[in-house]
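Subject: Handover of a structure

Dear colleague,

Please find below the structure that I am handing over to you.

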Amino acid sequence: MALIWPQAYCERSDTTKLPTKIEQNTNMKTLKDLFLDEIADMYDAERRIVKALPKLAKAATCEKLKAALLAHLKETEGHVTKLEQVFQSLDQKAKGKTCKTTVALLEEGGDIAAEFKGSPALNAALISAAQKVEHHEIASYGALHEWAELLGNSKAAGLLEEILGEEKAANATLTELALKSSDKEALGECDCHNDSEKECSDRQPAAVRRGIKPAGMNRKRAGALV
Ligand code: ZN
Ligand code: FE
């Protein structure tokens with residue numbers, strides 16, 4: 001029995017009759033538009049993170065966490081400069097576009113920092129808030145790096161790869177800090193104070209170290225990171 005294909009399928013062999021939507025829609029957004037859009041988003045994100053990191057570091061009671069956050073502040077300032085160089089590689093003026101994700105993550109981080117102020121779980125809360133920001137950056141720069149390569153912009157690809165590497169390293173440092181001390185500290189089992197008195201926040205009453213929160217302790221909302 002012969003197979004009878006519908007007329008539409010048969011006509012596909014005639015390339016002159018293929019849909020020409022791409023040619024017709026001259027306003028259609030391209031990968032370059034998407035790339036520029038996302039670069040503007042991350043330019044805004046990085047500048048917000050530059051403002052937020054000193055506040056996160058100030059809130060931290062673990063000296064190692066403070067140092068890690070301040071070290072990443074220096075890198076983040078570098079990310080702003082590198083993104084300006086990416087704009088330059090595209091002959092574009094550096095311009096930010098509100099990064100709604102970062103706004104939300106920093107607002108949530110500010111809230112949790114205020115809510116857990118004085119708690120043995122504070123450093124664990126700050127690490128978690130910072131890692132949410134890092135994970136968003138890693139996802140964004142991973143895509144941007146791929147797109148820069150697809151667009152044949154090796155200068156931008158190189159810069160984005162450098163930023164991506166630093167975001168991944170910052171995230172790894174935070175994971176290490178959480179596993180080494182902050183998570184135990186949150187449970188009142190921190191043993192990381194043997195080396196240095198200042199290392200973590202063990203200058204708390206024993207009841208607080210065991211996670212028992214005195215009534216009325218720092219309930220105010222901060223939203224202070226944005
Ligand atoms: Zn960054
Ligand atoms: Fe970062």
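The model is a predicted one, and the values below were computed from it. Although aspartate 91 is not a glycine, its phi is positive, at about 55°. This aspartate comes after helix α4 in the chain. Is aspartate 91 buried or exposed? With 6 other C-beta atoms within 10 Å, aspartate 91 is exposed.

The overall composition of the chain is as follows. The protein chain contains eight helices and zero strands, and its pattern along the sequence reads α-α-α-α-α-α-α-α. It has 226 residues, of which 31% count as buried. If one considers contacts between residues at least 6 apart in sequence, 75% of them join residues at least 24 apart.

Helix α3 and its partners

Much of what follows concerns helix α3, which comprises residues 31-59.

The axes of α3 and α4 are 9 Å apart, and the two helices pack at an angle of about 160°. An angle over 145 degrees counts as roughly antiparallel, and α3 and α4 are therefore roughly antiparallel to each other. Their crossing is left-handed. On the α3 side, the residues that meet α4 include Ile39, Met42, Tyr43, Glu46 and Arg47; on the α4 side, Lys66, Leu69, Leu70, His72 and Leu73 are among those that meet α3. Sorted by class, the residues of this contact between α3 and α4 are 16 nonpolar, three polar and four charged.

With α5, the angle is about 10° and the axes are 11 Å apart. Angles under 35 degrees count as roughly parallel, so α3 and α5 are roughly parallel to each other. Here Ala45, Arg48, Ile49, Ala52, Leu56 and Ala59 of α3 meet Thr102, Val103, Leu106, Gly109 and Ala113 of α5. The contact of α3 with α5 is made up of eight nonpolar residues, two polar and one charged.

With helix α6 (residues 122-150), α3 packs at an angle of about 155°, the axes being 10 Å apart. This pair, α3 and α6, is therefore roughly antiparallel, and the crossing of α3 and α6 is left-handed. Among the α3 residues that take part are Leu31, Leu34, Phe35 and Glu38, while the α6 residues include Leu126, Ala130, Val133 and Ser140. By class, the contact of α3 with α6 holds 16 nonpolar residues, one polar and one charged.

Methionine 42

Which residues does methionine 42 contact, leaving aside its neighbours within four places in sequence? They are Leu83, Cys99 and Ser140. Methionine 42 is found in helix α3 and has 25 other C-beta atoms within 10 Å; the residue is therefore buried, the cut-off being 20 or more. Methionine 42 and cysteine 99 are 57 residues apart along the chain, yet their C-alpha atoms are separated by 6.9 Å.

Helix α4 spans residues 63-89 and has 27 residues. From its first C-alpha to its last, α4 reaches 39 Å, close to the 39 Å expected at 1.5 Å a residue. Its buried residues are Lys64, Leu65, Ala68, Leu69, His72, Thr76, His79, Leu83 and Val86.

Helix α6 has 29 residues, which should span 42 Å at 1.5 Å a residue; the end C-alpha atoms of α6 are 43 Å apart, which agrees. After α6 comes glycine 152, with a positive phi near 75°.

Finally, lysine 168 is found in helix α7 (residues 154-186). With 15 other C-beta atoms within 10 Å, lysine 168 is partly exposed. Lysine 168 and glutamate 134 are 34 residues apart in sequence, and their C-alpha atoms are 7.5 Å apart in space.

Key: Residues are numbered from 1 along each chain as its sequence is written. Chains are lettered from A and ligands numbered from 1 in the order in which they are written. This is a predicted model: local features need pLDDT of at least 70, side-chain atom pairs count only at pLDDT 80 or more; totals for chains, interfaces and linings use all residues. Axes are lines fitted to C-alpha atoms, for helices over the stretch in contact, and angles run from 0 to 180 degrees between N-to-C directions. Helices (H or I, at least four residues) and strands (E, at least two) are DSSP runs, numbered from the N terminus. Angles under 35 degrees count as roughly parallel, over 145 as roughly antiparallel, 65 to 115 as roughly perpendicular and the rest as oblique. A crossing is left-handed if the near helix is turned anticlockwise from the far one by less than a right angle, and right-handed if clockwise. Two residues are in contact if their C-beta atoms, placed from the backbone, lie within 7 Å. Ala, Val, Leu, Ile, Met, Phe, Trp, Tyr, Cys and Pro count as nonpolar, Asp, Glu, Lys and Arg as charged, and the others, Gly among them, as polar. The expected span of a helix is 1.5 Å times one less than its number of residues. A residue is buried if 20 or more other C-beta atoms lie within 10 Å of its own, exposed if 12 or fewer, and partly exposed in between; C-beta atoms are placed from the backbone.
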